[in-house]
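Work through the exercises below with the sequence and the structure at hand, and try each task before you read its solution.

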Amino acid sequence: MNIAIDGPAGAGKSTVAKKVAGALEYVYIDTGSMYRALAWAVHHHALPIENEAAVSQLLQDNVIHLRRVQGEQHVYWNDTDVTAWIRTSEVSQFASIVASYGAVREQMLVLQRNLATQGNVVMDGRDIGTHVLPDADVKIFLTASIRERAERRWKELREKGLDPDLSEMEKDIAERDQRDMNREVAPLRQAEDAVLVDTTGMTIDQVVDRILEICERTG
Ligand code: C5P
């Protein structure tokens, strides 16, 4: 069985997908980390982000792969583990820009489908149920209000000892939502056969239980 979890930025997809994968003993695949790795590389090589052909060529000439390190999924750009560098707000914005490029998405689609051929994966992203795995057995569209999504990110960063600005984070998330929903290629949409789970006011465990219930009904 393959499970697709899509939704906007900060809806809790990765936390929830990781837990669902753990409970079912499935492999968790974070497709956002692949766009982030490319965004990191664009930044690292000081490539002009607006140059779609150059960004796409960069992806073609290098290798992104996912590997489990001490039970956690890490993302590699060639031999470099970039996991620790891809969560900055700059890389987030760059990721949603490179993700709007058709030639980039085509390559990512092939990579991501290959990762799922083994079966029993929980894959999270923006276009998994609609494009990457249209035949996924379970499709979930996870969302929450922008305010709540920003607050969750804010709390996460506070716990890491940072002092982020909540209204900046809200703006950041709203900007990424707009870009993800309005791009021409594979925009963020709920698949027709996806189950909508609005997580506003729900705890992580409640969301995980709800998804496991949906899986059980399907399986
Ligand atoms: O999920 P995450 O926030 O890590 O993803 C980073 C960016 O990558 C998103 O803002 C989105 O633009 C892009 N993305 C995508 N399709 C996916 C996964 C991520 O367009 N399947």
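**Exercise 1: a pair of helices**

The axes of helix H7 (residues 146-159) and helix H8 come within 9 Å and cross at roughly 120°. This is a predicted model, in which local features need pLDDT of at least 70, side-chain atom pairs count only at pLDDT 80 or more, and totals for chains, interfaces and linings use all residues. Residues are numbered from 1 along each chain as its sequence is written.

Task: classify the arrangement of H7 and H8, and find which residues make the contact.

Solution. Begin with the terms: helices (H or I, at least four residues) and strands (E, at least two) are DSSP runs, numbered from the N terminus, while axes are lines fitted to C-alpha atoms, for helices over the stretch in contact, with angles running from 0 to 180 degrees between N-to-C directions. Angles under 35 degrees count as roughly parallel, over 145 as roughly antiparallel, 65 to 115 as roughly perpendicular and the rest as oblique; H7 and H8 are therefore oblique to each other. Next, the contact, which requires C-beta atoms, placed from the backbone, within 7 Å, is made by Ile146, Arg147, Arg149, Ala150, Glu151, Arg153 and Trp154 of H7 and Leu166, Met169, Glu170, Ile173 and Ala174 of H8.

**Exercise 2: a second pair**

Task: decide how H3 and H5 are oriented to each other.

Solution. The axes of helix H3 (residues 52-60) and helix H5 (residues 102-116) come within 8 Å, crossing at roughly 20°, and H3 and H5 are therefore roughly parallel to each other. Glu52, Val55, Ser56, Leu59 and Gln60 of H3 meet Ala103, Val104 and Gln107 of H5 in the contact.

**Exercise 3: the ligand**

Task: find which helix gives the most to the shell around the ligand.

Solution. Helix H2 (31-44), helix H4 (89-98) and helix H8 (166-182) each supply at least two residues of this shell, and H2 gives the most, with 4 residues.

Methods
Two residues are in contact if their C-beta atoms, placed from the backbone, lie within 7 Å.
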